[in-house]
Amino acid sequence: MITLKGRSVYGGIAKGIISFYQRDEINITRLKINDPEKEWDRYTQAKNAAVEELRALRDKTAEEIGDADADIFFIHQMILDDSQYEKSIQTFILEERCNAEYAVARTSQILAEIMREGDSEYIRERCTDVHDASERIIRHLQNRSSVDFKLDDVSIICADDLMPSETAMLDKTKVAAFCTKGGSTNSHTAILARTMNIPALIGLGDVKLEDYDGMYAIVDGYDGMMYIEPDNDTIIRINRREEEEGRKRELLQRLKGRKNVTRDGREVEVYANIGGLADLNSAIENDAGGIGLLRTEFLYLQRDSFPDEEELFYNYRRVVEDMKGKRVVIRTLDIGADKTADYFCLDKEDNPAMGVRAVRLCLRRQDIFRTQLRALLRASAYGKLALLIPMIIDLDEVYRVKDIIHKVKDELVNKHIPFDNDVEFGVMIETPAAVMISDLLAQEVDFFSIGTNDLEQYTLAIDRQNPNYETVVPPNHLAVLRMIKLVCDNAHNHGIKVCMCGELGSDLSLTEILLDMQIDALSVSPPQILPVRRMIRSLNLSDRRQVHSNIQRVLHY
Ligand code: PEP
Ligand code: MG
């Protein structure tokens with residue numbers, strides 16, 4: 001038996017065969033070529049092989065799925081045959097004496113940039129096809145085949161690290177657990193695992209997980225352990241633990257249908273954080289008081305072209321209708337940083353977490369933003385929908401977003417399309433800037449939602465993806481707790497409510513102090529709802545002096 005220790009980001013026990021996820025990185029550097037003619041031949045051969053492959057793929061898809069789906073390969077073929085595309089590659093190779101890989105990659109980048117500026121949505125959406133088609137040539141130049149990670153059986157996915165888009169693409173019904181060498185508890189992959197109710201370990205350290213591909217393993221998400229080819233004693237011990245945890249879960253079920261009130265009668269809403277329709281059942285099963293955060297970007301990550309307004313509308317309407325009148329807070333697109341999709345053709349930034357992401361991107365790419373807002377507003381006619389804007393740092397952003405919402409509402413009015421004119425409008429408080437102007441923001445919006453995941457990384461100056469996160473940042477840093485208090489005070493002084501939707505909200509050791517600071521609601525991943533509710537129901541906040549002294553002790557006032 002091999003025993004590995006990591007940090008657990010979500011409890012539970014999983015058993016299965018290890019499947020190692022190998023990311024196929026393409027690294028390209030610019031090289032000076034001595035014989036450009038020979039390099040051009042190399043390119044031509046790779047291109048012909050790519051075109052041949054596309055032709056075969058097109059025929060196979062047409063036969064197995066249908067002509068419409070097969071067309072994409074025809075488009076890729078057309079891109080590779082495009083005279084402008086080829087001319088650019090030729091210039092790089094023959095005139096600038098660059099290596100073929102660089103010539104193709106750079107051409108693809110330039111062409112995508114031009115297309116992104118195009119007027120038609122269709123042309124803009126083709127950026128990703130240029131990228132894909134070019135990648136196919138590069139793979140041939142580098143003699144590599146493309147990876148297609150398919151799971152036949154329920155597996156324990158092991159990886160050095162997983163991007164949110166990669167996680168989102170996996171077939172959830174076949175994933176028993178995630179285990180990664182790197183990662184941090186606040187990373188989106190960890191959040192996805194929690195939302196999906198999947199045991200997950202990160203930080204397994206300096207091990208070659210690929211060596212265990214195909215072996216049987218047990219993941220103990222409670223203790224952060226992974227047992228590869230476990231011995232009998234371990235199997236018996238783990239089975240016992242599984243039964244014990246099952247009994248605890250059953251006890252929690254009794255809370256369903258009961259109010260979330262503290263022993264002295266204060267009501268605190270507990271909502272669910274979800275990433276899309278796939279998580280909706282889990283939110284309902286765990287008796288969520290509503291949806292406190294729908295991360296809309298995941299719908300954009302699981303595909304290779306923009307969803308249209310109808311698809312977005314269908315998704316939002318389903319959530320709102322299925323929640324049957326309960327409040328549904330839908331956050332507008334928070335794309336960028338670690339959550340990217342090629343077809344957005346985002347500019348390459350040295351530090352994308354501090355770059356053009358979330359509302360910054362939406363204000364620049366208003367076509368994408370307006371489509372989403374139109375779908376959201378249309379869905380607001382079918383239930384209790386609230387809009388939430390991520391990554392706000394400035395009042396001006398709020399004014400600009402409000403202005404766009406007004407315009408979209410006018411369009412809907414003109415077309416006689418119904419929507420809720422009083423749809424709530426809130427902002428995420430997830431930057432130190434937003435905290436410091438929360439008194440002003442509170443006068444402009446209907447509610448706040450504190451995103452502690454980003455608030456921690458920007459306040460404590462550590463990337464939330466950094467595998468050393470937990471060793472650098474002390475838990476429950478005083479700076480962050482004080483910020484939460486300031487935001488609650490500013491919000492309440494202006495008569496608006498505060499929810500916390502960051503991961504800190506499910507830290508049961510903090511529930512009491514958060515309620516002492518008057519947080520109004522918590523939004524957590526669905527499996528955390530009942531444990532948080534149990535904690536709320538166990539608290540008694542009636543003794544004001546005790547509350548005051550708790551705040552003084554924890555916040556060092
Ligand atoms: C946060 O930053 O705390 C948050 C809830 O948003 P996300 O984790 O999606 O960035
Ligand atoms: Mg955030």
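**Ligand and metal sites in the predicted model**

In the predicted model, a polar side-chain atom of Glu430 is placed 3.0 Å from an oxygen atom of ligand 1. Polar contacts are here pairs of N or O atoms within 3.5 Å; within protein, one atom must be able to donate a hydrogen and the other to accept it, and residues adjacent in sequence count only if both atoms are side-chain atoms. For Lys339, the distance from a polar side-chain atom to an oxygen atom of ligand 1 is 3.4 Å. Gly451 contributes through its backbone, with an N or O atom 3.3 Å from an oxygen atom of ligand 1. On its own, ligand 1 has 280 Å² of accessible area, and the protein covers 100% of that area (Shrake-Rupley method, 1.4 Å probe; for residues, only the protein chains shown count as cover).

Elements giving two or more residues to the shell around ligand 1 are α8 (188–195), β10 (290–295) and α18 (452–459); helices (H or I, at least four residues) and strands (E, at least two) are DSSP runs numbered from the N terminus. The largest share comes from α18, with 3 residues. In total, 16 residues surround ligand 1, the closest being Arg295, Arg331, Gly451, Asn453 and Arg464 (a heavy atom within 4 Å). By class, the shell holds 4 nonpolar, 5 polar and 7 charged residues, where Ala, Val, Leu, Ile, Met, Phe, Trp, Tyr, Cys and Pro count as nonpolar, Asp, Glu, Lys and Arg as charged, and the others, Gly among them, as polar.

The magnesium ion (ligand 2) is coordinated by Glu430 (OE) and Asp454 (OD) at 2.0 to 2.1 Å. Donors are N, O and S atoms within 2.8 Å of the metal (3.2 Å for Na, K and Ca); water is not among the atoms, so sites may look incomplete. Glu430 lies in the loop between β13 (424–429) and α16 (432–436), and Asp454 in helix α18, 24 residues apart. Both Glu430 and Asp454 are buried, meaning under 20% relative accessible area, with exposed over 50% and partly exposed in between (1.4 Å probe, protein chains only). Of the 8 residues of α18, 7 are buried, including Thr452, Asn453 and Tyr458. Just after α18, Ala461 has a positive phi of about 55°.

Residues are numbered from 1 along each chain as its sequence is written, and chains are lettered from A and ligands numbered from 1 in the order in which they are written. Local features need pLDDT of at least 70, side-chain atom pairs count only at pLDDT 80 or more, totals for chains, interfaces and linings use all residues, and side-chain values use heavy atoms, with hydrogens and water left out.
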